[in-house]
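Me: Could you walk me through how to read the packing in this model?
Reply: Gladly; let us look at the structure together.

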Amino acid sequence: MRRYAIPLLHQWRRDTTEAVIGAVTGSLARPQVLILGRYDDTGRLRTVGRTVPLHHDAARQVAVQLVQAAPGHPWEGVRFAASWGSKDVLDAVLVRPEMVAEVSADRSIDRGGVYRHPLRFRRLRLDVGLEDVPPFGQGPAAAAG
């Protein structure tokens, strides 16, 4: 019997990086998906992607830190597509953009800084400030903190 090696067509390389939690789906008590952003060079919070659904333990860890956004949130009035190319909209709850999440991301990035595929939540970075998060357009760079 002859065995053939099947070449890998795609080798997905994932990097760990940080982003700011700007909104969630679900509720503040039970977030399901994190919508993440990074600040650009003008100080504007720009969306970079969202996570896959959070595991129960991760959702509980995030929930105790979330605070609902006050009026004037940078994403007030923004609508988030439910999926790539979809006209369906996510029901998102805006949160104070003060929490930093460490995520695992592949290297597929569009428009200079938006991840094409969902991110995987790793942990909250309570030891990292907003100023340490890589700016929008830096791709998978790690936080400076």
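Reply: A nonpolar core is a set of buried Ala, Val, Leu, Ile, Met, Phe, Trp, Tyr and Cys residues joined through side-chain atoms within 4.5 Å; buried means under 20% relative accessible area, exposed over 50%, partly exposed in between (1.4 Å probe, protein chains only). This is a predicted model, where local features need pLDDT of at least 70, side-chain atom pairs count only at pLDDT 80 or more, and totals for chains, interfaces and linings use all residues. Residues are numbered from 1 along each chain as its sequence is written, and side-chain values use heavy atoms, leaving out hydrogens and water.

Me: Which residues touch the most other members of the largest nonpolar core?
Reply: In general, nonpolar side chains in soluble globular proteins tend to be buried together. Here the largest core has 22 residues, and Ile21, Leu34, Leu36, Ala101 and Phe121 touch the most other members. A second, separate core of nine residues includes Ile35, Leu45, Trp75 and Phe80.

Me: How are the rings of Trp75 and Phe80 arranged?
Reply: Rings of Phe, Tyr and Trp (its six-membered ring) pair if their centres lie within 6.5 Å; planes under 30 degrees apart count as stacked, over 60 as edge-to-face and the rest as tilted. That rule gives one aromatic pair. The centres of Trp75 and Phe80 are 5.5 Å apart with planes at 70 degrees, so this pair is edge-to-face. Trp75 is buried at 3% relative accessibility, and Phe80 is buried at 9%.
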